[in-house]
Amino acid sequence: MTIASIPRLVVTAGEPAGIGPDLSVQVAQQDLPYQLTVIADRNVLEQRAEKLRLPLQVLEVDSIDDLPCLPPHKAGFVHVLHVPVKNPVVTSQLDVGNAAYVLTTLQLAVAACSTRKADAIVTAPVHKGIISESGIPFSGHTEYLSELTNSHAVMMLAGAGMRVTLATTHLPLKDVPAAITPERLEQKLRIIHHDLVTRFVIKNPCIAVAGLNPHAGESGHLGREEIDIIIPVLTKLRNEGMNLLGPLPADTLFNPPKLKKYDCIFAMYHDQGLPTLKHASFGHGVNISLGMPIIRTSVDHGTALELAGTGQADPGSIHAAIEMALTLVRNTRNNSLQANQQSEN
Ligand SMILES: NC(=O)C1=CN([C@@H]2O[C@H](COP(=O)(O)OP(=O)(O)OC[C@H]3O[C@@H](n4cnc5c(N)ncnc54)[C@H](O)[C@@H]3O)[C@@H](O)[C@H]2O)C=CC1
Ligand SMILES: NCC(=O)COP(=O)(O)O
């Protein structure tokens, strides 16, 4: 592989007081057949490496324009696109003054991928609360990156053989029913179907759609969203050839024998879909943003403030997120290659 063809990943280190810097230092500890650049404050990474007693030599990268020329990652070294924090970081202590720093790292990562200087973003966890407290409305990476890329991202979490996608993400539960509209469901299902075919290379993917209400509304006796909204959307998309099951009762949807039949589950809200998946795969799951013009994966856990700097943070999920990013980069490159070959024939 030439330098030009090795995958180029950027990792955003996330909330500086949490375990994101620990994970960034941990993933840098082995030789890797791809390029890895961490976007973070270099001093935060160096201090965290010292706390963890891990070797780390920072190689500073001046700008995203330099990314295409970097060699594959070498153990104990790390390329860093330095973004300074505003206030000194104390592990485990959130500081509202550093919220803007976290968003700057994400903006740079998007700029790198949008201009094809990098192939994918892997995000370490951010703290939604502290960013919101700083006065910047923020409900999650998915929504923020979606806005930055002017797209309609769909959140998918994958782990333990399951893929779970969500119709709504970080929304108060009381606002969920009003957000279950035909337009939203149709748009999300089209994106999920498209990305399963293209990014995951699944022919005719089977998507199991959950109902909103207990027992998927029990024929209208326990709520009407299934009859009035979900079923008409599924009928329309089935008529176009999509392989959709449901709406199915969410409480039995995850039974192991049934799970084998679906390529993906489409849940109506965050805590309908994610607890089962995280129960089965926490620490090894991956969060993937579908529907964006760039590839972004992430860990399945949060900032775990209490573990920052202790050496107790399990890097399993960030490793899985990196592996998934590499798979998606490979599949995307193959798709482009095939498209080019077809256009030449
Ligand atoms: N991708 C992201 O940016 C995500 C960010 N968050 C944010 O993180 C913050 C804290 O959220 P919580 O609900 O407390 O979830 P959390 O995942 O930070 O912590 C839940 C439990 O899991 C443990 N844990 C988490 N990651 C671990 C790891 N790598 N190794 C070992 N143990 C680990 C923690 O110590 C804690 O006991 C919130 O602001 C939330 O919004 C949550 C999920 C994802
Ligand atoms: N539960 C998943 C989560 O909160 C991560 O969200 P995002 O920051 O990736 O949008």
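What follows is a conversation about ligand contacts, helix packing and backbone geometry.

Tutor: Before we start, this is a predicted model, in which local features need pLDDT of at least 70, side-chain atom pairs count only at pLDDT 80 or more, and totals for chains, interfaces and linings use all residues. Residues are numbered from 1 along each chain as its sequence is written, chains are lettered from A and ligands numbered from 1 in the order in which they are written, and side-chain values use heavy atoms, with hydrogens and water left out.

Student: What makes E306 a polar contact of ligand 1?

Tutor: A polar contact is a pair of N or O atoms within 3.5 Å (within protein, one must be able to donate a hydrogen and the other to accept it, and residues adjacent in sequence count only if both atoms are side-chain atoms). A polar side-chain atom of E306 is 2.4 Å from an oxygen atom of ligand 1, so the pair meets the cut-off. T303 contributes through a backbone N or O atom, 3.1 Å from a ligand 1 oxygen, and the side chain of H301 has an N or O atom 3.3 Å from a nitrogen of ligand 1.

Student: How much of ligand 1 does the protein cover?

Tutor: The protein covers 65% of the 820 Å² of accessible area that ligand 1 has on its own; such areas come from the Shrake-Rupley method with a 1.4 Å probe, and for residues only the protein chains shown count as cover.

Student: Which residues come nearest to ligand 1?

Tutor: Of the 17 residues around it, those are V126, G302, A304, E306 and D314; a residue belongs there if one of its heavy atoms lies within 4 Å. By class, this shell has 7 nonpolar, 7 polar and 3 charged residues. Ala, Val, Leu, Ile, Met, Phe, Trp, Tyr, Cys and Pro count as nonpolar, Asp, Glu, Lys and Arg as charged, and the others, Gly among them, as polar.

Student: Why are α7 and α8 called oblique to each other?

Tutor: Angles under 35 degrees count as roughly parallel, over 145 as roughly antiparallel, 65 to 115 as roughly perpendicular and the rest as oblique. Helices α7 (residues 182-198) and α8 (residues 225-239) pack at about 40°, with axes 9 Å apart, and are therefore oblique.

Student: What makes α3 oblique to α5?

Tutor: The axes of α3 (residues 99-114) and α5 cross at roughly 50° and come within 11 Å. That angle makes α3 oblique to α5.

Student: Which peptide bond is cis?

Tutor: The bond joining G246 and P247 is cis, with omega about 5°. P247 is in strand β9 (residues 243-248).

Technical notes: Axes are lines fitted to C-alpha atoms, for helices over the stretch in contact, and angles run from 0 to 180 degrees between N-to-C directions. Helices (H or I, at least four residues) and strands (E, at least two) are DSSP runs, numbered from the N terminus.
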